[in-house]
Amino acid sequence: MAAEKPQIIQAEPVKTLIDRLRSDLATLLILGPAQLNFVLIFVLPIALIIPFTFPVAILVVAFLVIVMFIDVQYNSTVGKRVSQFILQNAIRHFPIKLVIEDPDAFDEKRSYVFAGEPHTIFPLGIISLLENSNMFCVKNIRILVGSTAIGSPIMRQIWTWMGADSVSREVFRKLLNRGTSVIVIPGGVQECLHMRPGCEVAFLKKRFGFVRIAIQEGSPVVPTFIFNQTKIYSYIKLGYGEWYNKFSRKVGLAPLWMWGSYLSIIPHRTPLYIAVGKPIEVKKIENPSHEEIAEVHAKYLKAFEELFEKHKEASGNKNTILEIY
């Protein structure tokens with residue numbers, strides 16, 4: 001039997017000043033609203049009690065409330081155009097190289113669970129799998145994100161247009177059931193609390209939920225590794241210990257002093273390498289036992305580690321180690 005031939009898709013690097021500005025704007029649109037909302041949480045209460053800033057503060061609050069309740073549809077005419085601009089320029093920012101080990105293994109009539117790791121500060125590499133990036137062979141695909149991204153003004157609009165949905169069991173199953181593939185980052189924000197040079201960290205040993213849902217819907221699980229994502233920001237941790245971990249999980253973000261290009265939220269132009277493994281087939285079972293879930297989970301962990309070892313040298317991480325908790 002002939003060996004499967006991997007497919008390699010390389011985003012075109014930026015070449016001109018206009019290219020650079022467009023890619024900077026694209027990444028700023030992805031991440032900037034989060035910083036804006038964070039600043040407004042602290043600034044607006046103060047502005048509301050100062051007489052000469054009160055009118056402006058009221059207008060800002062009114063605008064944010066209106067934005068929160070405006071209906072947002074994925075792939076609407078406006079949304080598709082915005083999403084295409086953001087994703088197709090953001091993948092050039094780093095740029096991103098996408099390596100699909102067996103593109104022929106994916107059937108457009110089936111749904112898959114792409115379990116990507118690691119999370120790091122922002123899992124930006126995973127945008128290469130979204131439909132409007134025009135990089136990945138699976139087109140009907142969405143990403144599940146936390147309430148911080150999908151429940152905040154402005155950020156909600158942009159991320160929904162890009163293909164994000166709320167990370168909940170109901171949404172997860174609904175998408176798979178209708179034939180839409182789903183991207184999840186099972187390790188979550190806890191991983192970036194343990195980041196350090198020369199090491200990739202993945203919290204997966206106790207993450208069984210995504211496997212359970214994959215089995216319930218009969219959707220294959222696909223190991224996916226994002227290399228070099230820990231290098232797109234410089235950072236200093238602002239705390240340690242259990243309180244730091246609990247607070248980070250509660251707010252969905254890790255308290256870090258971080259900076260990228262121009263000392264801003266725009267990430268460094270570090271090449272990203274995304275490896276997409278082969279689908280792990282599962283038998284559809286509505287109420288799988290712990291043993292049945294653990295069996296598929298073990299296969300995923302093994303394939304995930306093998307994916308890392310196979311691609312780490314090609315991605316420029318020959319001496320990097322992987323720690324799975």
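Helices (H or I, at least four residues) and strands (E, at least two) are DSSP runs, numbered from the N terminus. The model is predicted, so local features need pLDDT of at least 70 and side-chain atom pairs count only at pLDDT 80 or more, while totals for chains, interfaces and linings use all residues. Residues are numbered from 1 along each chain as its sequence is written, and side-chain values use heavy atoms, with hydrogens and water left out.

**Exercise 1. Two helix pairs**

Task: Describe how H1 packs on H2 and how H3 packs on H5.

Solution. 
- Step 1. Two packed helices are described by the angle between their axes and the distance between the axes. Axes are lines fitted to C-alpha atoms, for helices over the stretch in contact, and angles run from 0 to 180 degrees between N-to-C directions.
- Step 2. The axes of H1 (residues 17-47) and H2 (residues 54-69) come within 9 Å and cross at roughly 135 degrees. That makes H1 oblique to H2; under 35 degrees counts as roughly parallel, over 145 as roughly antiparallel, 65 to 115 as roughly perpendicular and the rest as oblique.
- Step 3. Contact means heavy atoms within 4.5 Å. Leu40, Leu44 and Ala47 of H1 make the contact with Phe54, Ala57, Val60, Val61 and Leu64 of H2. These residues divide into eight nonpolar, no polar and no charged, where Ala, Val, Leu, Ile, Met, Phe, Trp, Tyr, Cys and Pro count as nonpolar, Asp, Glu, Lys and Arg as charged, and the others, Gly among them, as polar.
- Step 4. The axes of H3 and H5 (residues 155-162) come within 8 Å and cross at roughly 85 degrees. H3 is therefore roughly perpendicular to H5.
- Step 5. Val78, Gly79, Val82, Ser83, Ile86 and Leu87 in H3 meet Ile158, Trp161 and Met162 in H5. By class, this contact has seven nonpolar, two polar and no charged residues.

**Exercise 2. The buried side of H6**

Task: Identify the buried residues of H6 and what covers them.

Solution. 
- Step 1. In H6 (residues 169-177), Val171, Phe172, Leu175 and Leu176 are buried. They cover an arc of only 125 degrees around the axis, which puts them on the same side of H6; the arc is that of the directions from the helix axis to the C-beta atoms.
- Step 2. The cover includes strands E3 (113-117), E4 (141-145), E5 (164-166) and E6 (181-184), and helix H7 (209-217).
- Step 3. Glu170 and Asn177 are exposed, on the face of H6 turned away from its buried side.

Key. Buried means under 20% relative accessible area, exposed over 50%, partly exposed in between (1.4 Å probe, protein chains only).
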